[in-house]
Structure formats: structure tokens, C-alpha cells
Amino acid sequence: MSRVKFVQTDGTESVIDVAPGVSAMLAAVRNGVSGIEGECGGCLDCATCHVYVDEAQLGALASPNADELELLGSVAATRKPNSRLSCQLKAPFPAETLIVYIPGVQS
Ligand code: FES
């Protein structure tokens, strides 16, 4: 089973099991992880599922597609090289536990 570790800005961590094909965004919303809104339900239309992927894991993930890259330009928090939209990060992940940091604002 893949897992995602969500790290809040205050360092609080939540580790959630994620079934194959399920996104990190859905796992967060279904389990009440604060800071991930996912307003559009994962159809690349809102940018409220922004996360910063652990830098050591970033290179192992599939690169963002053109639509995700474009929408990353609309995130509310600072966009960084490790910014991703968590609705596009689906299990299984390259590592058993994907580590993502939740930005302070989503909208
Ligand atoms: S949930 Fe809307 S872009 Fe990810």
C-alpha cells in the first residue's frame, strides 16, 4: 500500500494510506487533512491542491503535463521548483511513502 505523508506548515504530520489510482489530493480530502482544498475534484481547474514535494523524491515522479504546468502558474502560495498539484500525484508512488509539504494558503 502506498502512503502519503502530509506535513503542515507547523510541522504536524498525517500519514494516509492511498489505494492504487487514488490521488494524494483525494486521500487528503477524504481523510480531513487540512490545507488541501481540491475544489475542482481533480480536473485541473482550481490549483487548490498545491503541495511541495519532498525534494529528494521529486525526480522520481513523472513530470507534470502541460496542463498542470500551466495551472501551477495560478497557485496562491509561492510556486517553487518542487511545486506540484496533488490531484495529479496518484498511487502507486515511486517511494512507499510520498512526502509532501502543504503550503500556507491555497486560495
Ligand atoms: S484539485 Fe483542482 S487542480 Fe487539483
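**View 1. Asp54 in the loop between β3 and α2 of the predicted model.** Tyr101 is 47 residues away along the chain, yet the C-alpha atoms of Asp54 and Tyr101 are 7.2 Å apart.

**View 2. Asn82 in the loop between α3 and β4.** The loop that holds Asn82 runs between α3 (66-71) and β4 (83-85). Asn82 is buried, with a relative accessibility of 7%. A polar atom of the Asn82 side chain lies 2.9 Å from the backbone oxygen of Val53. Leaving out residues up to four places away in sequence, Asn82 touches Val51, Tyr52, Val53, Glu55 and Leu58.

**View 3. The hairpin of β1 and β2.** β1 (residues 2-7) and β2 (residues 13-18) pair in the antiparallel sense. Six bridges join the two strands. Val7 stands opposite Glu13 in β2. Five residues lie between the strands of the hairpin. Gly11, in the turn, has a positive phi of about 95 degrees.

**View 4. β1 beside β5.** β1 also pairs with β5 (residues 97-101), here in the parallel sense. This pairing has five bridges. Arg3 stands opposite Thr97 in β5.

Technical notes: Residues are numbered from 1 along each chain as its sequence is written. This is a predicted model: local features need pLDDT of at least 70, side-chain atom pairs count only at pLDDT 80 or more; totals for chains, interfaces and linings use all residues. Side-chain values use heavy atoms; hydrogens and water are left out. Two strands pair if DSSP finds at least two bridges between them. Helices (H or I, at least four residues) and strands (E, at least two) are DSSP runs, numbered from the N terminus. Buried means under 20% relative accessible area, exposed over 50%, partly exposed in between (1.4 Å probe, protein chains only). A polar contact is a pair of N or O atoms within 3.5 Å; within protein, one must be able to donate a hydrogen and the other to accept it, and residues adjacent in sequence count only if both atoms are side-chain atoms. Contact means heavy atoms within 4.5 Å.
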